[in-house]
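Below are my notes on the model, as numbered points. Please read them alongside the coordinates.

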Amino acid sequence: MARRAQIGRPGLARPARSVVRVSATPGPQVSSTTKRPTVPEPTITPELAKLGATMPFNFSIALLNGGKYAKQKTPQGDLFWIADPAATSVWLADEWGNGVRPGWAPSLRQLIGNNAINTTNEFKIYRKTRDIFDAHIMTDDAVKRALPEIQKKVQQHVSSWAQQKTVQFHDNVRVLMMDVLHNVALKLNTNLDEVKMAATLSAQWGGGVVADINASEQTKAAFAKGMAAREQLTTFYKKKLHSPDLPKGLAANMRDAFGVDNESTLNTCFAITFAGLETSSNSISTVIRMLAADPKGLERVKKEAADVSKKHNGLTTIAAQDCLAFTYAVIRESLRMTYAVGAVPKYATEALTKPDNAAELPAKCPFQAAWKAMSVLDPAVKGELNVWKPERWLDAKKMESWKIWQHPFGSGTRECPGARIMQAVAALTAVELATHYKYTVDANTTFSNGGAPINRLPGKIERA
């Protein structure tokens, strides 16, 4: 079996923090002997309270207020918020076995579509789709094939930024990321004009993701625009999927496995955009923004890349990426400070128990895996929640803490299959900027709930 890797060691060839098990048999199957991480008790601090009022996903942080469990009263009933890694590591490790299902709002389900990898409740569909995703964007062989293509895309796009001189970095990063998703991950064979068109439509489509489409006239209008964009994207994606020239890759494999007109095939294009476009773009924009304000860090990225490239004859191998220890520490710190996915909604079809076997969540209970609220409890960042300090993740003890508390790509059965692609784009973009360009950004901005800079990160860039 090909090896999957996740965040852990410096580069891309990292062993998973836990084995992802997917059972076809519904019902609770959590063994009392399951090994669980030791989780220190959180402490409520003034810093944490302040962060809850200022940072993205402040609602979950403020609601939990330094705790690991909270209950919110909603018109639909009680909603539980969970920031306990000992519980989520068990509950989400085998979602079908433990009776956990996606709890996405109806609006989002309509925007992504049924039986996509992140919306389906059908075990066979999920397992079949996940195997295809893993084979094309998660295994070492897949990443090995993708790295040269990603580097070429990064070089082309950053060069075009320099030709513009004055740019909106965030908008340009979105186009770069869409290009990678379309032509490296999905292999849709789209040209740059099509990539830009899809990026623009995807912004409108993503804007339709609202908690309740009946909440207000404004949210109804946003949802309607999102669905209109979905119709246009559907026409575009269907044309690509029906093309006899579609290259071998994730999209073609889904087409062959499910059928060209099957909803799982079409909705894969929406699923990978939902999971990978805004989230990755927000995090990479944070890398660009924070390194612009950290000249010593930028220089360190440059020197590290030069040393590694000399030793490995380039940076497009997994071995070379594994040696970019500081660069990946930068990415890790950016992910921590952005948390593009601050919480993921789930639904407990069976009663779930906490690791101490005390009854916690009743059956038919919605809950949120509150990744951002969990992140701020990490002892490795205690007293430094708003402090940019990538070198902390070069410390082995702090990295052990990361594995418990930091989950920027989620955890368990539905851990993000695009994690390695995103990190490769971020690493190669940071290296390209540090090595060949001089740039500045206007970092005087506020941020959306997903970490997107409201000012779109204007700045200037030129070749060094």
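What share of the contacts in the protein chain with a separation of 6 or more comes from residues 24 or more positions apart?

1. Residues 24 or more positions apart supply 71% of those contacts, where a contact means heavy atoms within 4.5 Å.

2. On provenance: this is a predicted model, in which local features need pLDDT of at least 70 and side-chain atom pairs count only at pLDDT 80 or more, while totals for chains, interfaces and linings use all residues. Residues are numbered from 1 along each chain as its sequence is written, and side-chain values use heavy atoms, with hydrogens and water left out.

3. The protein chain has 18 helices and ten strands; these are DSSP runs numbered from the N terminus (helices H or I, at least four residues; strands E, at least two). Of its 464 residues, 55% are buried. Buried means under 20% relative accessible area, exposed means over 50%, and partly exposed is in between (1.4 Å probe, protein chains only). The accessible surface is about 19600 Å², with 53% of it on carbon and sulfur atoms; areas come from the Shrake-Rupley method with a 1.4 Å probe, and for residues only the protein chains shown count as cover.

4. The largest nonpolar core contains 133 residues, and I150, F367 and I461 have the most contacts inside it. Helix α18 (residues 419–436) gives the most to this core, namely twelve residues. Such a core is a set of buried Ala, Val, Leu, Ile, Met, Phe, Trp, Tyr and Cys residues joined through side-chain atoms within 4.5 Å.

5. Strand β8 (residues 365–369) has four of its five residues buried, so the rest of the structure largely encloses it. Strand β2 (residues 77–82) pairs with β8 in the parallel sense over three bridges, and F80 stands opposite F367 in β8. Strand β5 (residues 344–348) runs antiparallel to β8, joined to it by five bridges; there, P366 in β8 is the bridge partner of Y347. Pairing requires that DSSP finds at least two bridges between two strands.

6. Helix α8 (residues 169–186) has 18 residues and spans 24 Å from its first C-alpha to its last, close to the 26 Å expected at 1.5 Å a residue. That expected span is 1.5 Å times one less than the number of residues. Because 17 of the 18 residues of α8 are buried, this helix is largely enclosed by the rest of the structure. K187 follows α8 and has a positive phi, near 60°.

7. The structure holds 19 salt bridges, each a side-chain nitrogen of Lys or Arg within 4 Å of a carboxyl oxygen of Asp or Glu. One of them joins K240 to E194 (3.1 Å, N to O). K240 lies in helix α10 (residues 217–242) and E194 in helix α9 (residues 192–206), so the pair ties together parts 46 residues apart in sequence. K240 counts as buried, at 13% relative accessibility.

8. R392 and E333 also meet in a salt bridge (3.1 Å, N to O). This pair links distant parts of the chain, 59 residues apart: R392 is in the loop between α16 (371–375) and α17 (396–405), and E333 is in helix α15 (residues 325–338). R392 is buried at 2% relative accessibility, and E333 is buried at 0%.

9. K403 and E400 form a salt bridge (3.0 Å, N to O). They are three residues apart in helix α17, so about one helical turn separates them. K403 is partly exposed at 33%, as is E400 at 45%. Elsewhere, salt bridges with shared partners join E333, R336, E384, K389 and R392 into one network.
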